[in-house]
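Let's take a friendly walk through the pockets and surface of a protein model.

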Amino acid sequence: MQALVLNPSRDPWDTSRGFEKTEVPEPILNEQAEPADAERVLIRVHYAGVCGSDRGIWFRSAFRDQILGSIAAEKKPYRIIGHEFFGEVVRAGSRVTRVKPGDFVTCESHVVCNQCYQCSRGEQHVCTNEKILGISHDGGFAEYAKVPGHIVWPTDTDKIRPEVAAMQEPFGNAVHAASKTDLRGKNISIFGLGPIGMFLTLIARGMGAASIIGVEPNPVAREMARKLGIDYVIPLKTDAAKDPFRHDQEV
């Protein structure tokens with residue numbers, strides 16, 4: 001199958017950029033040879049989204065140790081990139097119960113073990129053995145993706161268009177942030193109106209925020225936020241101040 005990969009043996013981390021489109025073996029489920037496949041799912045990818053993390057990998061500015069270390073541990077030459085994707089289940093292991101072949105699905109990007117001390121206490125967000133799709137576990141920039149069944153979420157395409165469904169993973173970050181407190185009737189500010197900040201604008205409105213203020217340097221993003229119904233936008237100057245991390249009195 002075709003996939004976008006990072007292969008350090010051909011494209012060394014420190015001297016290359018981008019990904020390679022190449023033929024790689026199509027994943028299969030074989031429970032006799034690999035018992036863990038009983039809990040895995042094979043997905044035919046229909047749509048994929050590009051994250052800022054993928055940009056960081058493209059320019060070799062992020063996730064170096066996670067990618068190179070996991071490739072070495074798995075004794076394989078490449079990593080399939082991509083963690084935002086939507087597709088159709090084509091096969092499911094014998095112990096998978098939440099989805100079945102023919103279901104349309106999307107995936108969480110964090111692959112937890114559900115066995116370590118943290119997972120046993122319901123603290124999967126700090127799983128000792130966590131892997132990340134497209135970084136330390138093969139991802140979805142490919143024709144097929146093989147993933148653990150517990151990270152797969154059924155998607156109702158009568159309610160969510162497929163190309164939008166591919167963005168559920170980053171959308172979940174905004175939902176997580178907005179659900180940490182009761183936003184009803186509150187005045188809130190969002191620092192940074194990138195894609196997740198945009199999502200947060202919509203979610204905060206839906207959760208009853210009274211007034212939403214965005215702080216953003218990019219004029220294109222500021223205009224998009226206005227189209228999405230944000231109440232106020234404060235331009236953030238990026239004029240290479242001596243200490244850009246300090247309190248901004250103007251903001």
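This is a predicted model: local features need pLDDT of at least 70, side-chain atom pairs count only at pLDDT 80 or more; totals for chains, interfaces and linings use all residues.

Q: Which strand gives the most to the lining of the largest pocket?
A: The largest pocket holds about 930 Å³ of space. Its lining counts 39 residues, and the closest to the centre are Glu34, Arg40, His137, Lys146 and Pro148. Strand 4 (79-80) and strand 9 (144-148) each supply at least two lining residues. The top contributor, with 5 residues, is strand 9.

Q: How many charged residues are in the lining of the second largest pocket?
A: This pocket has a volume of about 640 Å³, and 21 residues line it. By class, 6 of the lining residues are nonpolar and 11 are polar, and the charged ones number 4.

Q: Which helix gives the most to the lining of the second largest pocket?
A: Nearest the centre of this pocket lie Glu108, Ser109, His110, Trp153 and Gly172. At least two lining residues each come from strand 6 (104-107), strand 10 (152-154) and helix 5 (168-178). The most, 6 residues, come from helix 5.

Q: Why does leucine 202 count as partly exposed?
A: Leucine 202 sits in helix 6 (residues 195-206). Partly exposed covers the range between under 20% (buried) and over 50% (exposed). Leucine 202 falls in this class because its relative accessible area is 41%.

Definitions and conventions. Residues are numbered from 1 along each chain as its sequence is written. Side-chain values use heavy atoms; hydrogens and water are left out. Helices (H or I, at least four residues) and strands (E, at least two) are DSSP runs, numbered from the N terminus. Buried means under 20% relative accessible area, exposed over 50%, partly exposed in between (1.4 Å probe, protein chains only). On a 1 Å grid over the protein atoms alone, a cavity is a set of points where a 1.4 Å probe fits but cannot get out, and a pocket is an open set with protein on both sides within 12 Å along at least five of seven lines; lining residues have an atom within 4 Å of a point. Grid points are joined across faces, edges and corners, and a volume is the space filled by probe spheres set on the points. Ala, Val, Leu, Ile, Met, Phe, Trp, Tyr, Cys and Pro count as nonpolar, Asp, Glu, Lys and Arg as charged, and the others, Gly among them, as polar.
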